[in-house]
Amino acid sequence: MEKRFILEGDIDAVTVENFKTFLRTVGHRETIYMRIKSYGGNVFSGIKIGNFIRVMKKYKQCTFIMEGEKFHSAALKIFLRGDKRIIQRNPSSDAAIHLPVVHKNKKKSPEEKEKEEQTTIVLIQQLTHLSESEIRSLNNIPLTVAFMLEKGIATECIEYFPVL
């Protein structure tokens with residue numbers, strides 16, 4: 001069996017709750033297609049969703065197929081959790097790495113910021129063919145389809161996604 005989940009817009013606590021509700025409907029050994037259209041959002045919400053995916057793959061042997069239309073920042077971290085990561089060639093998929101930033105209204109020490117950056121870098125390194133220096137140099141730079149395929153960010157490219 002297969003199920004579909006569309007992750008669209010800002011990733012936040014509401015997105016996490018919607019995803020948790022969706023996961024309650026998923027049985028063992030199902031294939032989950034997850035269409036991502038997001039420029040990111042709260043990094044901790046993205047990490048929570050990524051952890052839910054990791055747990056589902058382990059305990060229910062689910063396969064996650066990510067269809068990436070737009071995936072920046074926290075959305076990229078979710079996209080990378082897919083067993084299969086598909087992007088579309090035309091119109092080209094839109095992706096970028098964003099290392100964590102400290103917002104004006106939050107006080108963080110340089111050590112805390114570096115720890116968050118390292119956590120992001122390690123995750124991206126584990127799931128792609130990118131080095132730490134490449135990840136740092138790509139911060140906030142749009143990624144091309146060819147580059148995403150070469151570096152293992154995406155595993156497959158198709159012309160267009162099917163209409164949902």
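**Stop 1: a pocket**

Start with the second largest pocket, which holds about 250 Å³ of space. A pocket is found on a 1 Å grid over the protein atoms alone: it is an open set of points with protein on both sides within 12 Å along at least five of seven lines, and lining residues have an atom within 4 Å of a point. Grid points are joined across faces, edges and corners, and the volume is the space filled by probe spheres set on the points.

Select Ile47, Lys77, Thr119, Thr120 and Leu123. Of the 16 lining residues, these are the closest to the pocket's centre. Now colour helix 2 and helix 4, the elements that give two or more residues to the lining. Which helix gives the largest share of the lining? Helix 4 does, with seven residues.

Colour the lining by class next. You get six nonpolar, six polar and four charged residues. Here Ala, Val, Leu, Ile, Met, Phe, Trp, Tyr, Cys and Pro count as nonpolar, Asp, Glu, Lys and Arg as charged, and the others, Gly among them, as polar.

**How to read the model**

This is a predicted model, where local features need pLDDT of at least 70 and side-chain atom pairs count only at pLDDT 80 or more, while totals for chains, interfaces and linings use all residues. Residues are numbered from 1 along each chain as its sequence is written, and side-chain values use heavy atoms, with hydrogens and water left out.

**Stop 2: the whole fold**

Zoom out and switch to cartoon. Count six helices and seven strands. These are DSSP runs numbered from the N terminus: helices are H or I with at least four residues, strands are E with at least two. Along the sequence the pattern reads β-α-β-α-β-α-β-β-α-α-β-α-β.

The C-alpha trace spans about 45 × 35 × 25 Å along its principal axes. Of the 164 residues, 43% count as buried. Buried means under 20% relative accessible area, exposed over 50%, and partly exposed in between (1.4 Å probe, protein chains only).

**Stop 3: the core**

Select Met34 and Phe71. Of the 39 residues in the largest nonpolar core, these two touch the most other members. Such a core is a set of buried Ala, Val, Leu, Ile, Met, Phe, Trp, Tyr and Cys residues joined through side-chain atoms within 4.5 Å. Helix 3 gives the core its largest share, five residues.

Stay on Met34 and show its contacts (heavy atoms within 4.5 Å). Leaving out residues up to four places away in sequence, Met34 touches partners including Phe5, Phe19, Ile53 and Ile78.

**Stop 4: a threonine in helix 1**

Select Thr15, which sits in helix 1. Is Thr15 buried or exposed? Thr15 is buried, with a relative accessible area of 11%. Beyond residues up to four places away in sequence, Thr15 touches Leu7, Asp10 and Ile49.

**Stop 5**

Most residues other than glycine have a negative phi. Select Arg29, in the loop between helix 1 and strand 2. Arg29 is not a glycine, yet its phi is positive, about 60°. Arg29 counts as exposed, at 62% relative accessibility.

Now move to Ser73, in the loop between strand 3 and helix 3. Ser73 also has a positive phi, about 50°, without being a glycine. Ser73 counts as buried, at 15% relative accessibility.

How values were computed
On a 1 Å grid over the protein atoms alone, a cavity is a set of points where a 1.4 Å probe fits but cannot get out, and a pocket is an open set with protein on both sides within 12 Å along at least five of seven lines; lining residues have an atom within 4 Å of a point.
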